[in-house]
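Good morning, everyone. Please have a look at the model on the screen, and I will walk you through a few of its side chains.

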Amino acid sequence: MIGHYKVINTINDFLIGIWFLIGNILFLYDSLKNIRVCLFILGSVQLLIRPTIKLVHDFHLRKYLKEGYRNK
């Protein structure tokens with residue numbers, strides 16, 4: 001289960017890169033300004049998700065480790 005967080009984090013990072021890359025390409029076309037802005041907002045929201053993934057992982061890891069010590 002702990003390995004799932006690494007996969008989720010990697011997918012999130014990949015999507016952040018995609019949104020910002022496409023957003024930057026759209027700077028070449030003034031008519032696509034609204035789409036560009038939406039992609040940058042989406043990328044920014046995903047940047048906020050990164051620490052949330054880490055916090056959830058850390059809480060689950062701490063709980064897992066405490067349960068492991070109790071079973072010994």
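Predicted model: local features only at pLDDT ≥ 70, side-chain atom pairs only at ≥ 80, totals over all residues.

Now to the charges. Side chains of opposite charge can pair when their charged atoms come close. How many salt bridges does the count come to? It comes to 2.

Take Arg50 and Asp13. They form a salt bridge, and their closest N and O atoms are 2.7 Å apart. Where do the partners lie? Arg50 is in helix α2, residues 33-70, and Asp13 is in helix α1, residues 2-25. So this pair ties together parts that are 37 residues apart in sequence.

Next, Lys54 and Asp58. Their side chains meet in a salt bridge, at 3.4 Å from N to O. Both residues are in helix α2. They are 4 residues apart there, so about one helical turn separates them. Lys54 has a relative accessible area of 52%, and the cut-off for exposed is over 50%. Lys54 is therefore exposed. Asp58, at 32%, is partly exposed.

Now leave the charges. Which residues form a nonpolar patch on the surface? They are Val7, Ile11, Phe14 and Leu15. Together they have about 380 Å² of accessible area. Look at Ile11, one of the four. Ile11 lies in helix α1. Its relative accessibility is 49%, so Ile11 counts as partly exposed.

That is my tour. Thank you.

Definitions and conventions
Residues numbered from 1 in each chain as written. Heavy atoms only, no water. Helix = DSSP H or I, 4+ residues; strand = E, 2+ residues; numbered from the N terminus. Buried < 20%, exposed > 50% of the residue type's maximum accessible area, 1.4 Å probe, protein only. Patch = residues over 30% accessible without salt bridge, like charges linked within 9 Å, V, L, I, M, F, W, Y side chains within 5 Å. Areas by Shrake-Rupley, 256 points an atom, 1.4 Å probe, with all protein chains shown as cover.
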